[in-house]
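Please look over the model shown below with the following notes at hand.

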Amino acid sequence: MSKVEFLDKRRMLLKNEGILQRDVVLYITRKDDHPNFKVGFEDDMSRYERELASEHSKFQTDLSKTNNSIQIFRKELTSSRPDMLNHVKQIMESIESQIKAIKSYQKSVYDSLITTETALSAELSIFDKELYKYE
């Protein structure tokens, strides 16, 4: 082995040693960040649980309004008044608009969930790639 080859090999080994030291520092730093990641994850989960409970209560409220309108509609069908048809038509239209509002709201929630899922999936794949690099 000549002196030039020896110096080249030494330079390459020193470069690799620097890279390994940097990777060790990054690993130790990220290892210490895991508790923070867990706390952040738990905060996100509790926020999502609160949002889910809020969505559930809103849906239950809308559902009860619709059920009340249906009960009024049933009562109007059994009564015999001259203006019954117009009144029944108005009740049916209000029930229909309530159902449309619920459907459009659920569609918007679904669309936002799909968007969030897509974004999270992309972030997760990036995170997986980063983890694979450090293994």
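1. In helix α2, the buried residues are Met84, Val88, Ile91, Ile95 and Ile102, where buried means under 20% relative accessible area, exposed over 50%, and partly exposed in between (1.4 Å probe, protein chains only). Helices here are DSSP runs of H or I with at least four residues, and strands are runs of E with at least two, numbered from the N terminus.

2. This is a predicted model, in which local features need pLDDT of at least 70 and side-chain atom pairs count only at pLDDT 80 or more, while totals for chains, interfaces and linings use all residues. Residues are numbered from 1 along each chain as its sequence is written, and side-chain values use heavy atoms, with hydrogens and water left out.

3. The chain's secondary structure consists of two helices and zero strands, and buried residues account for 7% of its 135 residues.

4. Helix α2 covers residues 84-134 and includes Phe127, which counts as partly exposed because its relative accessibility is 42%. With 51 residues, α2 reaches 74 Å from its first C-alpha to its last, close to the 75 Å expected at 1.5 Å a residue (the expected span being 1.5 Å times one less than the number of residues).

5. Ser69 belongs to helix α1, residues 3-78, and is buried, because its relative accessible area is 13%. Apart from neighbours within four places in sequence, Ser69 is in contact with Ile91, Ile95 and Gln98, contact meaning heavy atoms within 4.5 Å.
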